[in-house]
Amino acid sequence: MKKQKGISYKTKAWMIVLLLPITITIYILAIIGWKELVKIPVVQEWAESFQQSTAKLDVPSEYIALYKEAEKNYGVPWTLLAAHHRIETRFSTMDPLLSPAGAEGHMQFMPCTFVGWSHPSCGGLGKGDIPHEEKVSPAVIEKYGGYGVDANNDGKADPYDLEDAVFSAANYLAASGAADGEIEKAIFNYNHSEKYVEDVLHFYNLYESQLKEIQAAYVPNK
């Protein structure tokens, strides 16, 4: 049986030379075609939704506007507030919103931190013995140097009110250095635990990373 001759190296080289311009032309036409296609509103909308769907932010969307409002007022990254909310009460899904140590509300404030450590009953870990009327009074909080905030202007600064709690956390974190970029210091001040700092930083960095991915995936309208 005769052995069949394969295609010679020279022939292969000529085939590549001949096919290369065709390949480049097809590639250029494909790019031009896609650029023209994405000008069509329906195709553009599909492209945007597809790209954005590949990068998702692992934060409940209903809270983001509130975090951003607090960031605007106190200069604390809203992703840091989200990370604290996640660690403290799993985005307010913890029931009840009261820890065994006495930390209260959506962002788990010790009463003495919320109302002020100069309150006569404050000491120890900060549970204090503060009457409810004083605990939610902006005037009392101002008097004793606390961090509680009446964010919704209803006359009360309540750690069990989500708006008040998030703004109060932003106030406390800002005073602890977060607004000046001292993120780790601020987290540690919020809870004196290296493990706590590690956990909050994990989610803060995660949300920052996811946010960048979403921004990179966004296709602006031309």
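Predicted model: local features only at pLDDT ≥ 70, side-chain atom pairs only at ≥ 80, totals over all residues.
Accessible areas here come from the Shrake-Rupley method with a 1.4 Å probe, and for residues only the protein chains shown count as cover. On that basis the chain exposes about 13900 Å², of which carbon and sulfur atoms supply 58%.

Residues are numbered from 1 along each chain as its sequence is written, and side-chain values use heavy atoms, with hydrogens and water left out.

**Overall fold**

The chain has 10 helices and 0 strands; helices (H or I, at least four residues) and strands (E, at least two) are DSSP runs, numbered from the N terminus. Of the 222 residues, 39% are buried, where buried means under 20% relative accessible area, exposed over 50%, and partly exposed in between (1.4 Å probe, protein chains only). Among contacts (heavy atoms within 4.5 Å) between residues at least 6 apart in sequence, 50% join residues at least 24 apart.

Which residues of helix H9 (residues 183–190) are buried? They are Ile183, Ala186, Ile187 and Tyr190. These residues cover an arc of only 100 degrees around the axis, which puts them on the same side of H9; the arc is that of the directions from the helix axis to the C-beta atoms. The buried residues of H9 pack against helix H4 (78–89), helix H8 (162–175) and helix H10 (194–217).

H9 and H10 pack at an angle of about 130 degrees, with their axes 9 Å apart. Axes are lines fitted to C-alpha atoms, for helices over the stretch in contact, and angles run from 0 to 180 degrees between N-to-C directions. The two helices H9 and H10 are therefore oblique to each other (under 35 degrees counts as roughly parallel, over 145 as roughly antiparallel, 65 to 115 as roughly perpendicular and the rest as oblique). On the H9 side, residues including Glu184 and Phe188 make the contact, and on the H10 side, residues including Val197 and Tyr204.

**Backbone in the loops**

Most residues other than glycine have a negative phi, and most peptide bonds are trans.

| Residue | Phi | Loop |
|---|---|---|
| Asn153 | about 55 degrees | between H7 and H8 |

Asn153 counts as exposed, at 67% relative accessibility. A cis peptide bond joins Asp95 and Pro96, with omega about 0 degrees; Pro96 lies in the loop between H4 and helix H5 (111–115).
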